[in-house]
Amino acid sequence: MTAKDTDWDGVRLHVVTGKGGTGKSTVAAALALALAAGKKRKVLLVEVEGRQGIAQLFDCPPLPYGERKVAVAPGGGEVHALAIDTEEALIEYLEMFYNLKRAGKALTKFGVIDFVTTIAPGLRDVILTGKVSEAVRRKEKNGAFVYDAVVMDAPPTGRITRFLNVSDEVSQLAKVGPVRNHGDLVMSVIRSPQTVVHFVTLLEEMPVQETLDGIDDLKGTGIKAGGVIVNMERPALLSATELKEAAEGRLDLTEIARGVKAAGLDNAEAVAAVLAAEAGEHAQRTALEAREKARLAGVPYRYELPMLSDGMDLAGLYDLAQALRDQGAA
Ligand SMILES: Nc1ncnc2c1ncn2[C@@H]1O[C@H](COP(=O)(O)OP(=O)(O)OP(=O)(O)O)[C@@H](O)[C@H]1O
Ligand SMILES: [Mg+2]
C-alpha cells in the first residue's frame, strides 16, 4: 500500500462511488466482505440503483426487498445485502410520514410515483439515503448496533455529492415537520465522522479526473472523502529498460526472432515483429498508467486491486477482499 494504513476505525457507513464501469459494485462487495472478515462482524451491503448487481456478485437469486444474508466472510463474519426498490421505499416513506399507505398503492398503480419523482426529484434521493442511514443507526434491544458497518454501492461520481447532500432538497420540500426532521437526521449521519466516500478508479485519464473532481466537490459539504481504490491494475510484463526500448521502438528484432525460433515457432521474423509491436503498445499503456498514478499521489489513502485475469467470480471477490485487508482497508 502506498499510503498510511487505516482500518477506517469508527467509520460505519462506507459509500462507494466512481465513474461508471470502474468496478463500484465489485469493490463495494469486496469491501463488505473485508469489513466482515476477521472480527466476526455483521456488515450490510446496500444497492440503491435497483439492478440486482449484488445478487449476481454473490451468485444468489435476485434479492427481494428485504435484508438477506448473502455471504460468510473468513473468520465467521456475515455480509447481508439489501437491494432497495425505489417504489417500495417511497410507499414506506409516505406511510411513515403522511400515513398514505393506501394512497401509496394507488400511486404505484397509476404511475404517480413517476410524477412525484418528477416534481420532487430530490425526494427519491432522500428516501434512498434515508433507508441506508436507518440501517446505520439501527440498534438491538441491548443497545448494540445491528450492523457493525454498512457499505453502499452508490451512484457514480458525477451524481454522488448531490445524492448525499439531501438537506438542500429536503429544505425545498419542507421547512418544518417530520419530513424535515427526517432529512436533518439523515444528513447528520452522512456528515458525521461515521461516514466516508470511497472512490473507485482505473488508471485512465477520465476516471482519475472524475475521482479528483469528486474529492474536490465534497470539500465544503461536511462529507468526508475516504480512500481511492485503483481497480483492475495490470502487472508490468517487462523490465524498466525493456519498457523504454519498446516505447522507443528500439527492441532488438533479431534477438526476439531467435527466441521465437528457439521456442519452436515458424515464421520467427514475422512473429517477432508482432511481438515487438505489442510490447510497444504495452509500454505506452504502462507509461500512461504511471502518469495517472502520479496524479493520484496527493490522495491520502490509496489501495490497489489487481485485474483478475480469469474474470470475476465468487472466489475472485474473496481474493479482492483479502487484498483490501492486506492493505489495511479493514
Ligand atoms: N478487479 C477486477 N478484475 C476483473 N474484472 C473486474 C474487476 N473489477 C470489476 N471487474 C469487472 O468489470 C465489470 C464492471 O464492474 P462493476 O459492475 O463492479 O462496475 P460498476 O462501476 O459497478 O459498473 P456500473 O457503473 O455499471 O454500475 C464487471 O464485469 C466486473 O466483473
Ligand atoms: Mg454497479
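Reply: Below, each label is set against its rule.

This is a predicted model, in which local features need pLDDT of at least 70 and side-chain atom pairs count only at pLDDT 80 or more, while totals for chains, interfaces and linings use all residues. Residues are numbered from 1 along each chain as its sequence is written, chains are lettered from A and ligands numbered from 1 in the order in which they are written, and side-chain values use heavy atoms, with hydrogens and water left out.

Me: Why is aspartate 125 called buried?
Reply: Buried means under 20% relative accessible area, exposed means over 50%, and partly exposed lies in between (1.4 Å probe, protein chains only). Aspartate 125 has 12% relative accessibility, so aspartate 125 counts as buried.

Me: What makes aspartate 125 and arginine 124 a salt bridge?
Reply: A salt bridge needs a side-chain nitrogen of Lys or Arg within 4 Å of a carboxyl oxygen of Asp or Glu. Here the closest N and O atoms are 3.4 Å apart. The pair therefore meets the rule. Arginine 124 has a relative accessible area of 25%, so arginine 124 is partly exposed. Both residues also belong to a network of salt bridges with Glu49 and Arg159.

Me: How many salt bridges does the rule give?
Reply: The count comes to 17. Among them is the one between lysine 219 and aspartate 216, at 3.2 Å from N to O. Lysine 219 is at 58% relative accessibility, so lysine 219 is exposed. Aspartate 216, at 48%, is partly exposed.

Me: What are the labels for glutamate 304 and arginine 302?
Reply: Glutamate 304 is partly exposed, at 22% relative accessibility. Arginine 302 has 8%, so arginine 302 is buried. The two form a salt bridge, with their closest N and O atoms 3.4 Å apart.

Me: How do you know that arginine 12 has no salt bridge?
Reply: Lys and Arg count as positive, Asp and Glu as negative; His and the chain ends are not counted. The nearest side chain of opposite charge to arginine 12 is aspartate 148, 6.4 Å away.

Me: Which residues are near ligand 1?
Reply: Near means that a heavy atom of the residue lies within 4 Å. Ligand 1 is surrounded by 15 residues, the closest being Gly21, Lys24, Ser25, Thr26 and Leu308. An oxygen atom of ligand 1 is 2.9 Å from a polar backbone atom of glycine 21. A nitrogen atom of ligand 1 is 2.9 Å from a polar backbone atom of proline 306. Taken alone, ligand 1 exposes 630 Å², and the protein buries 71% of that (Shrake-Rupley method, 1.4 Å probe; for residues, only the protein chains shown count as cover).

Me: Why is leucine 243 called buried?
Reply: Leucine 243 has a relative accessible area of 14%, so the buried label applies.

How values were computed. A polar contact is a pair of N or O atoms within 3.5 Å; within protein, one must be able to donate a hydrogen and the other to accept it, and residues adjacent in sequence count only if both atoms are side-chain atoms.
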